Amino acid sequence: MENTLTIPYHNCAYDDLSPADRTLADKAREATYLSYAPYSHFKVGAAVLLSNGETVQGSNQENAAFGAGTCAERCALHYAESQNPNATVVAIAIAARGTDDAFTHQPIAPCGICRQVLIETQKRAGHDIRVLLCGHDTVLCLDSVRHLLPFTFDSF
């Protein structure tokens, strides 16, 4: 039996974002300039909004031993949770600049490992986490991390 999975999301123009979402998207874009990407030259930034109102940024950090690098999403999430143990993640924005150093026209999505970390973060928070995938002019807005990874691995 074949089934179909539908993933809800909103396709928004950057200029149509709410002021709070635009600020979060700007912080993710800003974080791309903190990236260390001498191998791929693909600079990713993430910004995490916490329930206490604080925003934490992260950027990808590459290493010649490729598996030892860290993605922007995990960098931001782990720092936010370790420095703000009483706050939960409310939203995350992700942006990237390509090898031409310009922001990617199409939004990028997190890798599989980051999606799994996001699911665990959402489970830990006890509520849905909004996700903003930021391209140059377009932002894909998802109301839950589950929309990025509908068939999640869970320890239960």
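Predicted model: local features only at pLDDT ≥ 70, side-chain atom pairs only at ≥ 80, totals over all residues.

Reader: Is alanine 93 buried or exposed?

Author: Buried means under 20% relative accessible area. Alanine 93 has 0% relative accessibility, so it counts as buried. This residue lies in strand β4, residues 89-97.

Reader: Which residues does alanine 93 touch?

Author: Leaving out residues up to four places away in sequence, its contacts are Leu24, Ala25, Ala28, Gly45, Ala46, Ala47, Leu132 and Cys134. Take alanine 25: alanine 93 is 68 residues from it in sequence, but the C-alpha atoms are 5.5 Å apart in space.

Reader: Now the helix. What span should helix α3 have?

Author: Helix α3 covers residues 112-125, which is 14 residues, and at 1.5 Å a residue it should span 20 Å. Its end C-alpha atoms are 20 Å apart, so the two values agree.

Reader: Which residues of α3 are buried?

Author: First the general idea. An α-helix has 3.6 residues a turn, so residues three or four places apart point the same way. In α3 the buried residues are Cys114, Val117, Leu118, Ile119, Thr121, Gln122 and Ala125. Among what covers them are α2 (72-83) and β4.

Reader: What comes just after α3?

Author: Glycine 126, which takes a positive phi of about 80°.

Reader: How many aromatic pairs does the structure hold?

Author: Two. The rings of tyrosine 33 and phenylalanine 103 have centres 6.3 Å apart and planes at 80°, so this pair is edge-to-face. Tyrosine 33 is in the loop between α1 (19-31) and β2 (43-50), and phenylalanine 103 is in the loop between β4 and α3, so the pair ties together parts 70 residues apart in sequence. The other pair is tyrosine 39 and phenylalanine 66, with ring centres 5.8 Å apart and planes at 80°, so it is edge-to-face. Here tyrosine 39 is in the loop between α1 and β2, while phenylalanine 66 is in the loop between β3 (55-59) and α2, 27 residues apart.

Reader: Which of these residues are exposed?

Author: Tyrosine 33 counts as exposed at 54% relative accessibility, and phenylalanine 66 counts as exposed at 64%. Tyrosine 39 is partly exposed, at 41%.

Reader: Where does the charged end of arginine 29 sit?

Author: The charged end of arginine 29 sits over the ring of tyrosine 14, 4.5 Å from its centre. The charged end of arginine 29 also sits over the ring of phenylalanine 103, 5.5 Å from that ring's centre.

Technical notes: Residues numbered from 1 in each chain as written. Heavy atoms only, no water. Helix = DSSP H or I, 4+ residues; strand = E, 2+ residues; numbered from the N terminus. Buried < 20%, exposed > 50% of the residue type's maximum accessible area, 1.4 Å probe, protein only. Contact = heavy atoms within 4.5 Å. Expected span 1.5 Å × (residues − 1). Phe/Tyr/Trp six-rings, centres within 6.5 Å; stacked < 30°, edge-to-face > 60°. Lys NZ or Arg CZ within 6 Å of the ring centre and 35° of its normal.
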